[in-house]
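Here are some friendly notes to read alongside the model. They go through a few helix pairs and then a pocket.

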Amino acid sequence: MSLRTRTSLRITAATVGAVLLATGCNAAAKGGDPGKGGGRTFTLVTPDPVAQNEFLKLAVSGVKAAAKAHGGSQKVFQSSDSDSRQQNVASAVDSAPDVVALVGFEFADIVAQQAEAHPKQQFLLVDACTKKTYENVTCAVFREHEAVFLAGAEAGLLTESKKVGAVDVLDTPQFRRYSEPFAAGAKKVRAGVGSRTLFVGGQSPFNDAARAKDQASTLASGGVDQVMAAAAAGNTGVFQAAKAAKAAKGKGFLAYGVDANQCLTSPGVVVDNVLKKTDVAVEKGIGQILDGKGGTTVSYGLKEGGMSLTGLEPGLAGSKCLIAEPANDDVLKRVKKLRDDIAGGKLTVDDPAA
């Protein structure tokens with residue numbers, strides 16, 4: 001699982017309601033010849049409104065790409081709460097598309113119920129999986145720790161205080177995927193680097209920007225000058241603390257975002273972002289099912305192109321990320337070498353959730 005929603009980082013949209021985002025023709029029979037526009041149909045169900053949620057926008061791009069690749073059509077149903085998620089999944093199944101794709105752990109139990117009730121319907125669950133294995137359920141999960149390690153390497157190369165840290169949502173093995181590898185990456189490239197992680201916790205650990213801001217400020221007061229922001233919607237608080245520290249001290253600390261390019265909304269304080277490519281998982285997962293290879297769990301990391309950094313992607317120059325500055329060219333070269341070593345199996349990153 002990721003930090004997008006409760007188990008993954010997200011930017012929660014202000015818009016609510018279950019809205020039909022995109023509609024494709026669903027008149028042809030299920031199972032048509034994808035090479036001849038034979039009516040392949042795919043339905044994506046999101047756990048929250050898409051709006052400005054970059055993570056979910058990628059999922060939408062993935063289902064659109066799958067429809068184009070297979071000569072079919074797609075629909076996207078946006079949910080806003082548990083009731084609308086149930087209703088949207090039921091509606092999706094009623095229309096009997098070739099694949100119902102869903103993003104987020106919120107759908108794990110719903111998919112399990114629907115998979116048992118509708119054994120001929122194929123499901124793709126992204127960023128989560130059902131507890132029980134079903135022949136008609138394909139899961140796509142991510143090795144977030146690999147890309148977090150690379151962000152940590154950037155931090156280790158850039159730190160002046162030789163102190164890095166993380167603001168994490170909860171102290172659990174799954175969420176420590178966003179803090180422990182960050183420290184490990186920094187220590188890999190810089191001897192003597194120290195690290196510290198503070199957790200948001202409380203009643204709303206995934207949406208508490210004020211608490212995340214306080215924790216980031218505490219890290220900074222202790223000399224940490226590179227902070228992994230793994231506080232879900234509370235990441236805004238981490239970035240606010242970075243801006244305030246910069247204004248007060250002229251330097252302060254630098255931050256690292258998650259899931260999408262958060263440099264765009266907080267320019268000047270975000271070095272880079274750990275990207276989780278839901279578009280890749282959705283498109284490849286649908287193709288896998290159509291090829292008759294469903295019913296399995298596929299893990300996406302650096303090798304598969306499912307995880308990356310903004311600094312390693314096309315369009316870096318316009319990203320507004322600090323890693324794009326010419327002074328950081330040598331940092332990126334070191335990080336690219338680490339990426340290649342991990343993807344090639346020469347370097348293994350420990351997984352706190354293993």
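1. A word on handedness before we start: a crossing of two helices is right-handed if the near helix is turned clockwise from the far one by less than a right angle, and left-handed if anticlockwise. Please keep in mind that this is a predicted model.

2. With that in hand, take α1 and α8, whose crossing is right-handed. Their axes come within 7 Å and cross at roughly 30°, with α8 covering residues 278-290. Angles under 35 degrees count as roughly parallel, and α1 and α8 are therefore roughly parallel to each other.

3. Which residues of α1 meet α8? On the α1 side they are Phe55, Leu58, Ala59, Ser61, Gly62, Val63, Ala65, Ala66 and Ala69. Their partners in α8 are Thr278, Asp279, Val282, Glu283 and Ile286. Sorted by class, this contact has 9 nonpolar, 3 polar and 2 charged residues.

4. Next come helix α4 (residues 144-158) and helix α9 (residues 329-343), with axes that come within 10 Å and cross at roughly 150°. That angle makes α4 roughly antiparallel to α9. The crossing of this pair is right-handed.

5. In the contact between them, α4 brings Glu146, Phe149, Leu150, Ala153, Glu154, Leu157 and Leu158, while α9 brings Val331, Leu332, Arg334, Val335, Leu338, Arg339 and Ile342. How many of these residues are nonpolar, polar or charged? The contact of α4 with α9 has 10 nonpolar and 4 charged residues, and no polar ones.

6. Arg85, Gln86, Val89, Ala90 and Val93 of α2 meet Ile110, Gln113 and Gln114 of α3. By class, the residues of this contact divide into 4 nonpolar, 3 polar and 1 charged.

7. Finally, the largest pocket, which holds about 330 Å³ of space. It is lined by 17 residues, and those closest to its centre are Leu58, Ala260, Asn261, Leu275 and Thr310. Which elements give two or more residues to this lining? They are α1 (54-69) and β11 (270-276). The lining divides into 6 nonpolar, 5 polar and 6 charged residues.

8. One link between the points may be of use to you: Leu58 is among the α1 residues that meet α8, and Leu58 is also one of the residues closest to the centre of the largest pocket.

Note on methods. Residues are numbered from 1 along each chain as its sequence is written. This is a predicted model: local features need pLDDT of at least 70, side-chain atom pairs count only at pLDDT 80 or more; totals for chains, interfaces and linings use all residues. Side-chain values use heavy atoms; hydrogens and water are left out. On a 1 Å grid over the protein atoms alone, a cavity is a set of points where a 1.4 Å probe fits but cannot get out, and a pocket is an open set with protein on both sides within 12 Å along at least five of seven lines; lining residues have an atom within 4 Å of a point. Grid points are joined across faces, edges and corners, and a volume is the space filled by probe spheres set on the points. Helices (H or I, at least four residues) and strands (E, at least two) are DSSP runs, numbered from the N terminus. Ala, Val, Leu, Ile, Met, Phe, Trp, Tyr, Cys and Pro count as nonpolar, Asp, Glu, Lys and Arg as charged, and the others, Gly among them, as polar. Axes are lines fitted to C-alpha atoms, for helices over the stretch in contact, and angles run from 0 to 180 degrees between N-to-C directions. Angles under 35 degrees count as roughly parallel, over 145 as roughly antiparallel, 65 to 115 as roughly perpendicular and the rest as oblique. Contact means heavy atoms within 4.5 Å.
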